[in-house]
Each structure stands twice: as C-alpha cells, then as structure tokens.
Amino acid sequence: SSGINAEWPLRPGEEFDRLFDQYDANKSGMVTAKQLPKMISDLSKISKTNLNDKQVAEISGRLIQMFANKDIPRTELSLVISSNTPQHGVQFKREMNEKRQSLRS
C-alpha cells in the first residue's frame with residue numbers, strides 16, 4: 001500500500017506547531033499515543049480536510065503502530081505527515097492559501 005494512502009491531506013506548518021504545543025503540555029517535544037487521535041482530528045479540522053472518525057482512527061492507528069505505541073516526537077510526526085502527501089500536497093497547499101485569502105477579504 002502506498003504510504004498512508006490518499007486520505008492523508010494533512011500538512012505540517014504553523015497550525016501543526018501550534019497544535020502540537022497545545023498537546024505537548026509538559027514541553028517534552030512528544031505527544032502520547034493516547035493524544036494522537038484527538039490531535040489528528042483537530043489537525044484535520046484546521047486544515048479543512050474534515051476526516052471522518054473512521055479515517056482519523058485509521059491514520060492514528062497506523063501512526064501508533066509506526067511508533068510502536070510509544071510517545072511520538074514532533075519532528076518525526078511532522079515528517080511522516082508531510083511525506084504522506086505526495087500527489088495532492090501541492091494542490092492542497094494552494095487550496096489552503098486560497099482559503100486563507102478569502103478569510104482575510
């Protein structure tokens with residue numbers, strides 16, 4: 001199977017960093033496997049991809065497996081998220097920028 005497949009439209013960036021800081025209350029630079037599903041869900045809302053609960057569970061489950069159920073470091077999580085948006089990453093970024101502009105006007 002290819003990466004974390006097509007329903008992976010999350011992009012790390014400022015939103016990711018802000019969100020990560022929220023979840024990383026003790027400033028360890030990690031989020032726990034338990035926090036991950038909620039964080040993925042929030043990230044999906046922020047990035048307007050609105051993954052459904054099943055997709056959130058699937059993505060979180062795969063990440064938790066990937067990190068062997070241990071705490072997940074920010075840089076690695078960010079890398080995994082960005083590396084799993086091959087083809088529509090660019091298009092998604094463009095849409096995000098357009099949304100931001102329309103919010104401003």
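In the predicted model, Asp17, Asp21 and Arg74 are joined in a network of salt bridges. The structure holds four salt bridges. Side chains of opposite charge can pair when their charged atoms come close. Asp17 and Arg74 meet through their side chains, with an N to O distance of 3.0 Å. This pair links distant parts of the chain, as Asp17 belongs to helix α1 and Arg74 to helix α4 (residues 74-83), 57 residues apart. Asp17 has a relative accessible area of 34% and is therefore partly exposed.

Two packed helices are described by the angle between their axes and the distance between the axes. The axes of α1 and α2 come within 10 Å and cross at roughly 150°. Because angles over 145 degrees count as roughly antiparallel, α1 is roughly antiparallel to α2. The crossing of these two helices is right-handed. On the α1 side, the contact involves Glu15, Phe16, Leu19, Phe20 and Tyr23. These residues meet Lys38, Met39, Asp42, Leu43 and Ile46 of α2. By residue class, the contact comprises seven nonpolar and three charged residues, with no polar ones.

Two of the α2 residues in this contact, Lys38 and Asp42, are themselves paired in a salt bridge, with 3.1 Å from N to O. Both residues lie in helix α2, four residues apart, which is about one turn of the helix. An α-helix has 3.6 residues a turn, so residues three or four places apart point the same way. The two partners fall into separate accessibility classes: Asp42 counts as buried at 14% relative accessibility, whereas Lys38 counts as partly exposed at 49%. Asp42 is listed with Leu36, Met39, Ile40, Ser41, Leu43 and Ser44 as the buried residues of α2. Among these, Met39, Asp42 and Leu43 also take part in the contact with α1. Just after α2, Lys48 adopts a positive phi of about 60°.

A further aspartate, Asp71, is found in the loop between α3 (53-66) and β2 (72-73). Asp71 counts as partly exposed, with a relative accessibility of 40%. When residues up to four places away in sequence are not counted, Asp71 touches Met30, Val31, Thr32 and Ala33. The C-alpha atom of Asp71 is separated by 9.4 Å from that of Gln35, and the two residues are 36 residues apart along the chain.

Terms used:
Residues are numbered from 1 along each chain as its sequence is written. This is a predicted model: local features need pLDDT of at least 70, side-chain atom pairs count only at pLDDT 80 or more; totals for chains, interfaces and linings use all residues. Side-chain values use heavy atoms; hydrogens and water are left out. Axes are lines fitted to C-alpha atoms, for helices over the stretch in contact, and angles run from 0 to 180 degrees between N-to-C directions. Angles under 35 degrees count as roughly parallel, over 145 as roughly antiparallel, 65 to 115 as roughly perpendicular and the rest as oblique. A crossing is left-handed if the near helix is turned anticlockwise from the far one by less than a right angle, and right-handed if clockwise. Contact means heavy atoms within 4.5 Å. Ala, Val, Leu, Ile, Met, Phe, Trp, Tyr, Cys and Pro count as nonpolar, Asp, Glu, Lys and Arg as charged, and the others, Gly among them, as polar. Buried means under 20% relative accessible area, exposed over 50%, partly exposed in between (1.4 Å probe, protein chains only).
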